[in-house]
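Please open the model in your viewer and keep the sequence panel beside it, so that each selection below can be followed in turn.

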Amino acid sequence: MSTAAPPAMGGRDGDPVTSVGVDIGSTNTKVVLLEFADRSGVARELGIRSFRTPDRPGELGGAVLSAIRGLASSQFRHPVAVGIASMPESGVVLDKAGRPVGSIVRWTSAGTSAALFDDLGPAEREKLSLATGVPATPKAPLAALYRLRFQEPNRWDKLFRWAGMADFIGVMLTRELATDHTLAGRTMGYRLPPAGSPLEPTFDDDLLALAGMSAEQMPRILRPGEPVGMLVPGAAEAAGLAPKTPVYLAGHDHAVAAWAAGVRKDGEAADSIGTTEALLRVAGDPIDRAAALADGMSVTRTVTGDHECLLAGASGGAVIARWIASHPEKDADVLFRALELEGPGNAFLLPYPRGRQTPRPDPAARDFVVGPTETTLDSLRAVLVGLSLHLRWMDESQSRIIGSAPTGLGIVGGAWARNAAWNRLKSQLLTRPLTVVESHEPVASGAALLAAVRLGAVPPDAALPSLPIPSRPHPRANDLFRAFVEAATSAVPPSTPANHDAAHT
């Protein structure tokens, strides 16, 4: 745990306290300067820097330092802490000198190649998933390392240590290689303990051996609340921060977003939206791992490590972004504003551009529009309705596995999470009370907030501000949902190629 003394809120001169949050995303990286005006922990985003996540680790590191410096230079006081979150499945190969070897190993380049799991066979795959709480999919770092070993032998021979994305930024700032348990838990090289048991302090040699790795090659796993280290002089100077500023690994981006939204207790749930969409439900009782994994969901822990969570994933914002990219001649903002006044219509998209992870996993599932889409507005609405109905399907599947419905659903993410048209459709098609987090970059802000909480600068119950979404149940919501599930699970694609092309997903 950190031995740094918590800063007095407001300081001797009454100035607010600030902290920095970094979110390494699949598409974009965001850096936020968060300000706390008083001891209540009420926060506001004082400044934001965003840039496309580069493929070269060194370029990414330099851009993060530059973004922090740009934000910190506007302040008379140095930020008290840095928090780092990231997508969990991508990483960096480090050589003996700690230098990156080649480009970032991205989960998005995995495709359908999962040679590790093919070689293991069904029984071994199931045993591995039950041990880790993670479905056996190509995006898992254990599978990526196995591919690297056989597809890039020259880079494999230089591999001395593996660093996840947040871990790599932590090394750059502190010269210490460590990771958070929420990130370790996504690798399939970490054994998830039973609910209520202490977190495992290290990676598992037997699991890692499946990919030809060992625990010595993986980062040290931090205890919840433990800093990875303090800013070293060179990094501090490049970032414009004070030397020895504590640095914390906040963890898995979706887990951090859920925590920042105040989703921390039994029954609370978050719809976390980025390039991917994740539905995370906190459970008070042990989760049936076999039932969760059979439905393509993961079992994890909260960022504090004290509760199990059920995690379901979907395509989310990537589907909308692809639709917009395929209609460059249309003004998307105008279309979204028009949809705010519309109902759900009679068409929906099955939002599976690369198969369905959950519920009822189906790698052969594809995106099809069911129903008439005569105009561009109809096509866009079908996309949003399909995503909303799939979210409801994940929600109801989680309730079946856990045995109870959530007490509410907090929507958290970037611009898509605050999209009024999408949220209106969710309020019409879901059966849950909804809130939406107001922050523009809640993962980066959540990382900054978590760092401030762990340092003791703000109360542990501090959360990002959110607003309720008025409930507007639509009279045809249940009929549309039944039609969606029937179409999604049909053996025959329920649409024509023309309808598929109209959706452009």
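Begin by selecting Ser399, which is found in helix α14 (residues 376–402); helices here are DSSP runs of H or I with at least four residues, strands are runs of E with at least two, and both are numbered from the N terminus. Ser399 is buried, with a relative accessible area of 12%, where buried means under 20% relative accessible area, exposed over 50% and partly exposed in between, for a 1.4 Å probe and protein chains only. The side chains of Ser399 and Arg432 are joined by a polar contact of 3.5 Å. That term stands for a pair of N or O atoms within 3.5 Å, of which, within protein, one must be able to donate a hydrogen and the other to accept it, with residues adjacent in sequence counting only if both atoms are side-chain atoms. Leaving aside residues up to four places away in sequence, Ser399 touches Arg281, Ser404, Ala405, Pro406 and Arg432, contact meaning heavy atoms within 4.5 Å.

A word on the basis of these values: this is a predicted model, in which local features need pLDDT of at least 70 and side-chain atom pairs count only at pLDDT 80 or more, while totals for chains, interfaces and linings use all residues. Residues are numbered from 1 along each chain as its sequence is written, and side-chain values use heavy atoms, with hydrogens and water left out.

Next, select the open sheet of six strands, whose order is β3-β2-β1-β4-β10-β9 with mixed pairing; two strands pair if DSSP finds at least two bridges between them. Its edge strands are β3 (43–52) and β9 (229–230), each of which pairs on one side only. Within this sheet, strand β2 (residues 28–36) and β3 pair in the antiparallel sense over nine bridges, and Lys30 stands opposite Ser50 in β3.

Strand β1 (residues 17–24) pairs with β4 in the parallel sense over five bridges, and here Gly21 stands opposite Gly83. Strand β10 (residues 246–252) also pairs with β4 in the parallel sense over five bridges, with Ala85 opposite Gly251.

Which helices lie across these strands? Helix α1 (residues 57–72) lies across β1, β2 and β3, running at about 145° to β3, whereas helix α6 (residues 165–174) lies across β1, β4, β9 and β10, running at about 150° to β4. For these angles, axes are lines fitted to C-alpha atoms, for helices over the stretch in contact, and the values run from 0 to 180 degrees between N-to-C directions.

Stay with α6, because ten of its ten residues are buried and it is largely enclosed by the rest of the structure. Just after α6, Arg175 takes a positive phi of about 65°. The largest cavity holds about 100 Å³ of space, and α6 gives the most to its lining, with three residues. That lining comprises 17 residues, of which Gly164, Asp167, Thr179, Leu183 and Thr187 lie nearest the centre. On a 1 Å grid over the protein atoms alone, a cavity is a set of points where a 1.4 Å probe fits but cannot get out, a pocket is an open set with protein on both sides within 12 Å along at least five of seven lines, and lining residues have an atom within 4 Å of a point.

For an open site, select Trp259, Arg264, Val303, Thr304 and Leu450, which lie nearest the centre of the second largest pocket among its 20 lining residues. This pocket has a volume of about 290 Å³, a volume being the space filled by probe spheres set on the points, with grid points joined across faces, edges and corners. Helices α10 (253–260) and α16 (442–455) each supply at least two residues of its lining.

Finish with the other open sheet, in which seven strands follow the order β13-β14-β12-β11-β17-β18-β19 with mixed pairing. At its edges stand β13 (298–301) and β19 (466–469), each with a single partner strand, so one side of each is left without a neighbour in the sheet. Inside it, strands β17 (residues 408–413) and β18 (residues 434–437) pair in the parallel sense over three bridges, and the bridge partner of Gly410 in β18 is Thr435.
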